[in-house]
Amino acid sequence: MKNVPRLDFLAPPPRPWAGVALCVLAAAWLAAAAASAWQIEQGNRERLAQLNEHAARLLPPPARRLSEAERVRHAQVARVVGELRAPWADLLATFEEHGQSDIGLLKLEPDAKAGVVRVTGQARNATALFAYLRELEADARLAQVALTTHQAERETPGQPLRFTIQAGWRAAGSVPKETS
């Protein structure tokens, strides 16, 4: 007959020292990795806070709502800036260099927004007025020169003509060049 080994079901189990040691080692390694990750995360948060603080210093402050008085003041400043951008010295020189002896300029009323200037003056006679008007029309710095009103002043000695001329101006770069 065959010899069958006898199984002992009541034998004590082997001691799990190796498994317990492996579990303790894995838990320690896992705790160290978690602590390291936590420290890295804290460092990243601190650096991000520093970067945000630095960026906030570089950005302009947020725009605030303007009061009604401030809006009106800003509109006035913008209008004045627009008026100052017009070439006033060139315009005045343009009107003064034409018709010097027979024309007297009384008032210049610029409108920079519309790009128009109204000139009020006196002419010795109608011939001088229309010669002045032709000279202004021929000037390359002016556009759409028009006589808007004229009236003889009967109470003034010599009975000069009071007139109003309206003209637009061309920007310095848009003046057509004369060909020879």
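Me: Is Phe 163 buried or exposed?

Reply: Phe 163 is buried, because its relative accessibility is 0%. Buried means under 20% relative accessible area, exposed over 50%, and partly exposed in between (1.4 Å probe, protein chains only). The model is predicted, so local features need pLDDT of at least 70 and side-chain atom pairs count only at pLDDT 80 or more, while totals for chains, interfaces and linings use all residues. Residues are numbered from 1 along each chain as its sequence is written, and side-chain values use heavy atoms, leaving out hydrogens and water.

Me: How many aromatic pairs does a search of the whole structure find?

Reply: Rings of Phe, Tyr and Trp (its six-membered ring) pair if their centres lie within 6.5 Å; planes under 30 degrees apart count as stacked, over 60 as edge-to-face and the rest as tilted. Here the search of the whole structure finds 1 aromatic pair. The ring centres of Tyr 132 and Phe 163 are 6.1 Å apart and the planes stand at 55°, so this pair is tilted.

Me: Where do Tyr 132 and Phe 163 lie in the chain?

Reply: Tyr 132 is in helix α4 and Phe 163 in strand β4 (residues 161–169), so the pair links distant parts of the chain, 31 residues apart. Helices (H or I, at least four residues) and strands (E, at least two) are DSSP runs, numbered from the N terminus. Tyr 132 counts as buried, because its relative accessibility is 1%.

Me: How many salt bridges does the structure hold?

Reply: Side chains of opposite charge can pair when their charged atoms come close. A salt bridge needs a side-chain nitrogen of Lys or Arg within 4 Å of a carboxyl oxygen of Asp or Glu. The structure holds 7 salt bridges. One of them joins Arg 71 and Glu 68 at 2.8 Å, N to O. Both residues lie in helix α2 (residues 68–84), 3 residues apart, about one turn of the helix. Arg 71 has 39% relative accessibility, so it is partly exposed.

Me: Which parts does the pair of Arg 141 and Glu 97 tie together?

Reply: The side chains of Arg 141 and Glu 97 meet in a salt bridge of 2.6 Å, N to O. Arg 141 sits in the loop between α4 (126–138) and β3 (142–152), and Glu 97 in helix α3 (residues 88–97), so the pair ties together parts 44 residues apart in sequence. Arg 141 is partly exposed at 29% relative accessibility, and Glu 97 is partly exposed at 40%.

Me: Is Glu 153 buried or exposed?

Reply: Glu 153 forms a salt bridge with Arg 162 at 2.4 Å, N to O. Arg 162 is partly exposed, with a relative accessible area of 36%, whereas Glu 153 counts as buried at 14% relative accessibility. Elsewhere, salt bridges that share partners join Glu 97, Asp 139 and Arg 141 into one network.
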